[in-house]
Amino acid sequence: MSQQKVDQHKEDKKKRPAKLRRNKVLKAITVFVLALAVGAGLGIPIGKGVYNYQKKQSAKYATISSLEYSDWFDKYWVDNYSDYFTGGTFATGQDAIDQINSISSTATDADTE
């Protein structure tokens, strides 16, 4: 019986480096998987929060093209400040059409006489 124990001990001693290496690999894989799980558990909610925050911030500052801005600015200028520099008002909409028609009708009346 004693010889069996000695032989078993020799075999265990031969296999020890392989067992230690396997245990180290298993431990590294376990740590990696746990770190991945903790990272995903924390990272996903935090990432969603940051994404939603940035989405809200970008909605506050919408961008427009330069043509849209130019059209808006021209309309804003005409509506608010053009009277200071031109000395008169601009007719818009139906008023403009009526003025053009009245000018053209007086011009045709003068030509016929």
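A salt bridge is counted here where a side-chain nitrogen of Lys or Arg lies within 4 Å of a carboxyl oxygen of Asp or Glu. By this rule, the predicted model contains 1 salt bridge. The model also carries a nonpolar surface patch with about 780 Å² of accessible area together.

**Salt bridge**
- The side chains of Lys 75 and Asp 79 form a salt bridge, with an N to O distance of 2.9 Å.
- Lys 75 and Asp 79 both belong to helix H2, where they stand 4 residues apart, about one turn of the helix.
- Lys 75 is classed as exposed because its relative accessible area is 54%, and the cut-off for exposed is over 50%.
- Asp 79 has 46% relative accessibility and therefore counts as partly exposed.
- Side chains of opposite charge can pair when their charged atoms come close.

**Nonpolar surface patch**
- The patch is formed by Ile 64, Tyr 69, Trp 72, Phe 73, Tyr 76, Trp 77, Val 78 and Tyr 81.
- Ile 64 is located in the loop between helix H1 (2-60) and helix H2 (66-80).
- Ile 64 counts as exposed because its relative accessibility is 53%.

**Confidence of the prediction**
- The mean pLDDT of the protein chain is 81, and 75% of the residues score at least 70.
- Among the elements of the protein chain, H1 has the highest mean pLDDT (91), whereas helix H4 (residues 94-112) has the lowest (61).
- Where pLDDT is low, the predicted coordinates should not be read in detail.

Terms used: Residues are numbered from 1 along each chain as its sequence is written. This is a predicted model: local features need pLDDT of at least 70, side-chain atom pairs count only at pLDDT 80 or more; totals for chains, interfaces and linings use all residues. Side-chain values use heavy atoms; hydrogens and water are left out. Patches are made of residues with over 30% relative accessible area and no salt bridge: like charges are joined within 9 Å, nonpolar side chains (Val, Leu, Ile, Met, Phe, Trp, Tyr) within 5 Å. Accessible areas come from the Shrake-Rupley method with a 1.4 Å probe; for residues, only the protein chains shown count as cover. Helices (H or I, at least four residues) and strands (E, at least two) are DSSP runs, numbered from the N terminus. Buried means under 20% relative accessible area, exposed over 50%, partly exposed in between (1.4 Å probe, protein chains only). pLDDT is the predictor's confidence in each residue, from 0 to 100.
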